[in-house]
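Subject: The two-chain model for you to look at

Hi there,

Here is the model I promised to pass on to you. Have a look around first, and then read my notes below.

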Amino acid sequence: MAKVQGAIVVDTDRCKGCEVCIPACPTEVIGLANEVNGKGYHYAYMANPDACIGCANCAIVCPDGVISVYKVKKVA
Amino acid sequence: MMDIKDIVKEENLVYTKTKLMTDNILSYCPGCGHGTAHRIVMEVIDELGLQSQTVGIAPVGCSVLAYDFMNIDMIQAAHGRAPAVATGVKRTMPDKYVFTYQGDGDLAAIGTAETIHVCNRGENITMIFINNGIYGMTGGQMAPTTLEGMKTSTSPYGRDLKSMGNPLKITELIAQLPGTYYVTRQAVHTPAAVRKTKKAVFKAFEVQKEKKGISFIEIVSNCNSGWKMSPVKSNEWMVEHMFPFYPMGDIKVDGELVKSNKAEVKS
């Protein structure tokens with residue numbers, strides 16, 4: 001069990017669905033949604049939220065800066 | 001397992017887009033390295049607290065609208081003339097931090113004269129150079145930086161060196177000039193590359209603070225629309241084809257050429 005748990009929040013209206021964040025994620029958290037946003041892009045979302053460790057790798061490679069990352073240390 | 005609602009709280013925030021990037025939706029294609037490069041520069045300016053003291057010069061090309069996205073003072077220069085405009089700004093306001101943000105069509109084609117003379121004079125500015133080997137904005141025509149054999153809309157059978165000339169390594173060229181102090185080549189396709197680029201931009205602004213001369217950062221980037229690939233594929237293509245010709249790493253540090261400038265291919 002990981003000692004930290006993270007979560008990402010994607011600004012779905014601004015996401016262009018380029019998928020650059022998907023190979024950047026070491027724990028394969030991110031997937032593309034079946035739904036599309038207002039611009040017609042399949043946006044990124046947390047497909048596997050339990051695996052997120054809040055490393056922010058996805059956010060720093062996101063060309064549009066749409067990902068915010070949150071992280072907590074788990075208590076015991 | 002904690003609920004996501006318990007994690008997504010203001011105090012747990014570790015990363016979000018810097019305030020120095022405006023909320024305007026970037027005009028770039030999905031997956032374009034320009035967005036990442038913009039954000040890196042703005043993060044560095046934010047972290048150094050230079051928002052009110054920095055003047056950026058936008059080029060002509062895809063990043064012509066950089067002033068719409070960067071929340072600092074910006075000037076949009078004529079095609080290729082960003083270093084000349086930056087010279088004027090820096091000389092009239094020497095206390096301001098001045099950087100140019102240019103693509104390869106701007107810096108290495110129409111603006112070659114300005115680039116070389118500004119670098120030779122050693123104006124105390126920072127130059128950010130995005131190299132994707134193509135004229136992205138106008139429809140993917142061949143640029144001076146296009147690789148040998150690379151297909152573009154004006155070289156549909158690939159660039160032929162005999163009739164179209166050799167690709168231009170402008171970064172190596174200007175590193176030879178006495179006015180440049182820090183010259184490096186980076187990329188923005190992986191988290192590790194982004195972190196390295198950010199370090200380089202930090203160093204560039206430090207060099208400018210110490211008034212040592214030109215700091216020049218080339219960022220090898222993708223143009224997935226121009227290369228006609230998906231963003232992830234274009235990043236892989238870039239590693240496979242661009243990096244052997246445009247090797248990553250420092251070319252000139254502290255005014256001295258780096259001797260072993262080996263090709264360092266990162267995935």
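**What I found**

Let me begin with how chain B holds together: of its contacts between residues at least 6 apart in sequence, 66% join residues at least 24 apart, where contact means heavy atoms within 4.5 Å. Before going further, please note that this is a predicted model, in which local features need pLDDT of at least 70 and side-chain atom pairs count only at pLDDT 80 or more, while totals for chains, interfaces and linings use all residues. Residues are numbered from 1 along each chain as its sequence is written, chains are lettered from A and ligands numbered from 1 in the order in which they are written, and side-chain values use heavy atoms, with hydrogens and water left out.

**Chain B**

Chain B has 11 helices and nine strands; these are DSSP runs numbered from the N terminus, with helices being H or I of at least four residues and strands E of at least two. The radius of gyration is 18 Å, close to the 18 Å from the globule rule for 267 residues, so chain B is as compact as a globular protein of that length. That radius is taken over C-alpha atoms, and the rule is 2.2 Å times the number of residues to the power 0.38. Along the principal axes, the C-alpha atoms of chain B fill a box of roughly 60 × 45 × 35 Å.

Of the 267 residues in chain B, 55% are buried. Buried means under 20% relative accessible area, exposed over 50%, and partly exposed in between, using a 1.4 Å probe and protein chains only. The accessible surface of this chain is about 11400 Å², and carbon and sulfur atoms account for 54% of that. Areas come from the Shrake-Rupley method with a 1.4 Å probe, and for residues only the protein chains shown count as cover.

B:Thr145 sits in the loop between β5 (126-131) and α7 (161-164), and it counts as buried because its relative accessibility is 1%. Beyond its neighbours within four places in sequence, B:Thr145 has contacts that include B:Asp104, B:Asn131, B:Arg159 and B:Tyr246. B:His189, in the loop between β6 (180-187) and α9 (191-209), is also buried, at 10% relative accessibility.

**Chain A**

Chain A has two helices and four strands, in the order β-α-β-β-α-β along the sequence. Its radius of gyration of 12 Å is close to the 11 Å that the globule rule gives for 76 residues, so chain A is as compact as a globular protein of that length. The C-alpha atoms fill a box of roughly 45 × 20 × 20 Å along the principal axes. Buried residues make up 53% of the 76 in chain A, and the accessible surface is about 3700 Å², with 52% belonging to carbon and sulfur atoms.

Which residues does A:Ile60 contact, apart from its neighbours within four places in sequence? They are B:Tyr15, B:Thr36, B:Arg39, B:Pro191, B:Val194 and B:Arg195. A:Ile60 lies in helix α2 (residues 57-61) and is buried, at 9% relative accessibility.

In soluble globular proteins, nonpolar side chains tend to be buried together. The largest nonpolar core here has 63 residues, of which A:Ile8, A:Ile67, B:Met42, B:Ile45 and B:Phe99 touch the most other members. Apart from it lies another core, of 22 residues, including B:Val55 and B:Ile214. Such a core is a set of buried Ala, Val, Leu, Ile, Met, Phe, Trp, Tyr and Cys residues joined through side-chain atoms within 4.5 Å.

Finally, two residues other than glycine have a positive phi. For A:Glu28 it is near 50°; this residue is in the loop between α1 (21-24) and β2 (30-36) and is exposed, at 65% relative accessible area. For B:Lys211 it is about 55°; this residue is in the loop between α9 and β7 (214-220) and is exposed, at 55% relative accessibility.

Enjoy exploring!
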